[in-house]
Amino acid sequence: MDNHEVLTKQQPIIGAGALIAEQADLIGKVSDAESFLNTAKAMLDGAQPLQEVNPVPAIAVTFLCGFCAETALKAALAQTGTSTKVLKDIGHQLIQLWNEAVSKGILDSVPPRWLEQLNSLHAGDYVLRYPMQLNG
């Protein structure tokens, strides 16, 4: 089974490439846009409970929010026909994804400051993924 096929039984399957289904006998394929959107939702679901932790685990929240923003933008772009190859080539570059969405008429503004700040951590030298001095 590839990552776009879904089988559900008693409990829904949650995660990348999974379609969350209510019907116990659903077998189907999800589009790339649906797969990206499901991943964005899963990342947001992971980040939201962390706001209740004191102190807030900033690295974890930032990491999850970066991937949430990335996959949400990729979902919108895939829905309008942008190929997965193009999206893969853009990678984790949130500003580039935003600008691509503007060029497709999905968004009509410059990237917000919060996205620029998130991009500096998410798209760069893996600042959130590896300890300092080991980036790259």
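# Predicted helical chain: confidence, packing and burial

Colleague: Over which residues does pLDDT stay under 50, and how many contacts beyond four places in sequence does the model have for them?

Modeller: pLDDT is the predictor's confidence in each residue, from 0 to 100, and contact means heavy atoms within 4.5 Å. This is a predicted model, in which local features need pLDDT of at least 70, side-chain atom pairs count only at pLDDT 80 or more, and totals for chains, interfaces and linings use all residues. Residues are numbered from 1 along each chain as its sequence is written, and side-chain values use heavy atoms, with hydrogens and water left out. The stretch under 50 is residues 1–25, and its number of contacts beyond four places in sequence is 50.

Colleague: Which element of the chain has the highest confidence?

Modeller: The mean pLDDT of the chain is 82, with 74% of its residues at 70 or more. Confidence is lowest in strand 1 (residues 5–7), where the mean is 43. At the other end of the scale, with a mean of 97, is helix 4.

Colleague: In what order do the elements of the chain run from the N terminus?

Modeller: Helices (H or I, at least four residues) and strands (E, at least two) are DSSP runs, numbered from the N terminus. The chain has 5 helices and 2 strands. Their order from the N terminus on is β-β-α-α-α-α-α.

Colleague: What share of the contacts with a separation of 6 or more comes from residues 24 or more positions apart?

Modeller: The chain has 136 residues, of which 31% are buried; buried means under 20% relative accessible area, exposed over 50%, and partly exposed in between (1.4 Å probe, protein chains only). Among contacts in the chain with a separation of 6 or more, the share from residues 24 or more positions apart is 44%.

Colleague: Are helix 4 and helix 5 parallel or oblique to each other?

Modeller: Axes are lines fitted to C-alpha atoms, for helices over the stretch in contact, and angles run from 0 to 180 degrees between N-to-C directions. The axes of helix 4 (residues 94–103) and helix 5 (residues 113–122) come within 8 Å and cross at roughly 135°. Angles under 35 degrees count as roughly parallel, over 145 as roughly antiparallel, 65 to 115 as roughly perpendicular and the rest as oblique. The two helices are therefore oblique.

Colleague: Which residues of helix 4 and helix 5 make that contact, and how do they divide by type?

Modeller: Helix 4 contributes L94, I95 and W98, and helix 5 contributes L115, E116, L118, N119 and H122. Ala, Val, Leu, Ile, Met, Phe, Trp, Tyr, Cys and Pro count as nonpolar, Asp, Glu, Lys and Arg as charged, and the others, Gly among them, as polar. On that scheme the contact of helix 4 with helix 5 divides into 5 nonpolar, 2 polar and 1 charged.

Colleague: Are helix 2 and helix 5 parallel or perpendicular to each other, roughly, and which residues of helix 5 take part in their contact?

Modeller: The axes of helix 2 and helix 5 are 10 Å apart, at an angle of about 110°, so the helices are roughly perpendicular. On the helix 2 side the contact uses T62, C65, G66, F67, A69 and E70. The residues of this contact divide into 6 nonpolar, 3 polar and 1 charged. Those of helix 5 are L115, L118, L121 and H122.

Colleague: Which backbone nitrogen lies 3.2 Å from a polar atom of the T71 side chain?

Modeller: T71 is in helix 2 and is buried, with a relative accessible area of 7%. Its contacts beyond four places in sequence are F36, L37, T39 and A40. The backbone oxygen of C68 lies 3.4 Å from a polar atom of the T71 side chain. The backbone nitrogen at 3.2 Å belongs to A40.

Definitions and conventions. A polar contact is a pair of N or O atoms within 3.5 Å; within protein, one must be able to donate a hydrogen and the other to accept it, and residues adjacent in sequence count only if both atoms are side-chain atoms.
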